[in-house]
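Dear colleague,

I am passing this structure on to you, and below it I have set out what was found. Please read the notes with the model open beside them.

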Amino acid sequence: MYNILKSDPYSPAAIVTGLGRCGTSAMMAMLATGLPVLCDPDQAGNGWESVEALTQPYASWRERAAGCAVKVMAPESYQLPPGLPVIVMTRDPEDQTRSQIAALEAMLGKKGTEQVLAGEN
């Protein structure tokens, strides 16, 4: 497998990150057509390999990620070294908010979503 960072044979092929509802899962699905995919346990369920170590700093999962596409939701918490190939997904904030509300409504129903948005638990 081609390694984009030839100086580090353990580097991932790509790290994908972004806020929720911005397309990270869609990007990972595209990358999964040609790369092994790793994700943290909270992101599992798409047929991707869940790796508990992905909840820890990069050094603890560096070797396991060699040549893989890796999805991380908060890259600043992983202490990533400079130079890694990172794909940062963005989306129009209004579209992202509408998508998040639609996802909440699908999980909680309209009344439950209104309670969450109003701060009522």
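Lys 110 and Glu 105 form a salt bridge, in which the closest N and O atoms are 3.5 Å apart. Please keep in mind throughout that this is a predicted model. Lys 110 counts as exposed because its relative accessible area is 53%, a value over 50%, whereas Glu 105, with a relative accessible area of 31%, is partly exposed.

The structure holds two salt bridges, and another pairing to look at is that of Asp 95 with Arg 98, whose side chains meet in a salt bridge at 2.5 Å, N to O. Both Asp 95 and Arg 98 lie in helix 2, where they are three residues apart, about one turn of the helix. Asp 95 has a relative accessibility of 31% and therefore counts as partly exposed.

Met 107 also has its place in helix 2, which covers residues 93-117, and its relative accessibility of 63% means that Met 107 counts as exposed. Together with Leu 108 and Val 116, Met 107 makes a nonpolar surface patch of about 300 Å².

**The chain as a whole**

The protein chain has two helices and five strands, and from the N terminus on its elements run β-α-β-β-β-β-α. Of its 121 residues, 35% are buried, and the chain exposes about 7,200 Å², of which carbon and sulfur atoms supply 55%. Among the contacts with a separation of 6 or more, 62% are accounted for by residues 24 or more positions apart.

In soluble globular proteins, nonpolar side chains tend to be buried together. Here the largest nonpolar core has 13 residues, and those with the most contacts inside it are Val 16, Met 28, Leu 31 and Ala 69. Strand 1 (14-18), helix 1 (24-31) and strand 2 (37-39) are the elements that give two or more residues to this core, and helix 1 supplies the largest share, three residues. Leu 31 touches Ala 14, Val 16, Ala 69 and Ile 87, if residues up to four places away in sequence are not counted. Apart from this core lies another, of twelve residues, including Leu 38, Val 51, Ala 65 and Cys 68.

Leaving aside neighbours within four places in sequence, Lys 71 is in contact with Val 16, Thr 24, Ser 25, Met 28, Leu 38, Cys 39, Asp 40, Gln 43 and Trp 48.

Val 72 lies in the loop between strand 4 and strand 5 (86-89), and at 1% relative accessibility Val 72 likewise counts as buried. With neighbours within four places in sequence again left aside, the contacts of Val 72 are Ile 15, Val 16, Thr 17, Gly 18, Trp 61 and Tyr 78. Val 72 and Thr 55 are 17 residues apart along the chain, and their C-alpha atoms are separated by 8.8 Å.

With best regards

Technical notes:
Residues numbered from 1 in each chain as written. Predicted model: local features only at pLDDT ≥ 70, side-chain atom pairs only at ≥ 80, totals over all residues. Heavy atoms only, no water. Contact = heavy atoms within 4.5 Å. Patch = residues over 30% accessible without salt bridge, like charges linked within 9 Å, V, L, I, M, F, W, Y side chains within 5 Å. Areas by Shrake-Rupley, 256 points an atom, 1.4 Å probe, with all protein chains shown as cover. Salt bridge = Lys/Arg side-chain N within 4 Å of Asp/Glu carboxyl O. Helix = DSSP H or I, 4+ residues; strand = E, 2+ residues; numbered from the N terminus. Buried < 20%, exposed > 50% of the residue type's maximum accessible area, 1.4 Å probe, protein only. Core = buried A, V, L, I, M, F, W, Y, C linked by side-chain atoms within 4.5 Å.
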